[in-house]
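Reader: I am new to this model and would like to learn how to read it, feature by feature. Could we begin with the charged side chains and then turn to the fold and the helices?

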Amino acid sequence: MELRTSELSVGYGKKTVISGVNIQALRGQIIGILGPNGSGKTTLLRTLAGLLAPLSGTVYLNQENLSAMSLQKLATRLAVVLTGKQPIPRYLTVMELVAAGRYPYTDFRGKIGGRDLEKIYEALRWVQVEHLADRYVAELSDGEQQKVMLARALAQDTELIILDEPSSFLDLKNRTEFLRTLMELSRKRGMTVIWSLHEVDVALKCCETVILVKDGAIQAAGPPEGILNEEAVCQLYGGERLKMNMAIGNTELDNPNAAVIWVVGGGGTGTPVYRLLTKHGYGFATGILHQNDVDYHVASTMGVKVTAVPPFSQIDGQAVAAAKNSLAEAKIIIDSGFPLGVINRANLELITEGVRLGKPLISLREAANLACPVHPEERCSVSDLILRVRKYIC
């Protein structure tokens, strides 16, 4: 199965939403369309699915002009799952709704046969909704309805499926299962998947190709590893405060506040502290971190001051001196409970120096596993941290 566009322009009436679309989707590929709200992702998908006529240009499906195909033939070639609130067939069961996906293959009476039942049950199993077969669709949650709509599309037994933000109404568990299902359909059944989404990290994990849409044009298209970077994501979504770190696939809010707190982090222990302080509007600096540490990546993405050393290297005197200068400007110190090893023991010197300077020390270490010999002013968990911070910073 191949879907290809040639100088395609899409829109409504006389209004062009996106022009100059030249893309190609091959068998078994997962292609993600990324772009801000209102950029035309849904309009493009509807045109690729034959639900909207192109304003100009052509969509080809296996070298055949999609616009010239009959609706019945088109329904055997591609399936569509749209997002948003669809009219709910209140008196249809899940089984009956999924069975609707087989109608392109039935005779004029619409009778379901043995082969059709096999495909229906197979689709229910793929999406793991067999237990809902006898339930009325109107009784289901939004997430369950979305999974059932996918099952109906799979029952069509097509080589191409087009989805518009399919995971919008799914919780974390169902979203993970949904994504795994799409990837298995691509690998095991050779199904081509074209979908719109907002999650950049999901595109990196699932898509062979991504298409970036903004300002009425395709900004870039290709493997996500090649075209998705911090600058591209920032330009695509125009987020001044939202920053992306491609090394860990995360977005973080920046923290432009004055660094009134020094956080001694490492080994991922600093990350929840950084996010908590940022959420409550407290500026901080942190260190000394190795540049392959997740805390380094999170703090750097937030734009805070980070004292760092190369990966796996011993913390040297220059780094310690720089950290002490930064520490001197802080009002309090937070020991995140970082794991102590040979190469980062110099961080104990920082904590000791801060206490010597009269700065309150809040430690997140468990009393039973002190590791750090310096006695803190406060010992608490992350959940209580802000209350303790407020005692020292008004």
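Author: Let us begin with a term: a salt bridge is a side-chain nitrogen of Lys or Arg within 4 Å of a carboxyl oxygen of Asp or Glu. Please keep in mind throughout that this is a predicted model.

Reader: How many salt bridges does the structure hold?

Author: By that criterion the structure holds 19 salt bridges. Some of them join up, for Lys119, Glu122, Asp157 and Arg189 are linked in a network of salt bridges.

Reader: What separates the closest N and O atoms of Glu139 and Arg135?

Author: Those atoms are 3.3 Å apart, and the two residues form a salt bridge. The general idea here concerns helices: an α-helix has 3.6 residues a turn, so residues three or four places apart point the same way.

Reader: Which parts of the chain does the pair Glu177 and Lys147 link?

Author: Glu177 forms a salt bridge with Lys147, with 3.4 Å between the closest N and O atoms. This pair links distant parts of the chain, since Glu177 belongs to helix α6 (residues 172–189) and Lys147 to helix α5 (residues 142–155), the two being 30 residues apart.

Reader: Where does Arg175 find its partner Glu199?

Author: The side chains of Arg175 and Glu199 meet in a salt bridge at 3.6 Å, N to O. Arg175 lies in helix α6, whereas Glu199 lies in the loop between β9 (192–197) and α7 (200–206), 24 residues apart, and the pair thus links distant parts of the chain. Arg175 is partly exposed, with a relative accessible area of 24%, and Glu199 is partly exposed as well, at 22%.

Reader: How should I read the overall fold, and how many helices and strands does the protein have?

Author: The protein has 14 helices and 19 strands. Of the 394 residues, 50% count as buried, and among contacts with a separation of 6 or more, 64% come from residues 24 or more positions apart.

Reader: Which residues does Leu182 contact, beyond its neighbours within four places in sequence?

Author: Leu182 is found in helix α6 and counts as buried, at 2% relative accessibility. Leaving those neighbours aside, Leu182 is in contact with Ile30, Leu150, Leu163, Val193 and Trp195. Leu182 and Cys206, which are 24 residues apart in sequence, have C-alpha atoms 8.8 Å apart in space.

Reader: Which residues of helix α13 are buried, and what covers them?

Author: In helix α13 (residues 346–356), the buried residues are Ala346, Asn347, Leu348, Leu350, Ile351, Glu353 and Gly354. Their cover includes the strands β14 (259–264), β15 (283–290), β17 (332–335) and β18 (361–363), together with helix α12 (317–328). Just after α13, Gly358 takes a positive phi of about 85°.

Notes. Residues numbered from 1 in each chain as written. Predicted model: local features only at pLDDT ≥ 70, side-chain atom pairs only at ≥ 80, totals over all residues. Heavy atoms only, no water. Helix = DSSP H or I, 4+ residues; strand = E, 2+ residues; numbered from the N terminus. Buried < 20%, exposed > 50% of the residue type's maximum accessible area, 1.4 Å probe, protein only. Contact = heavy atoms within 4.5 Å.
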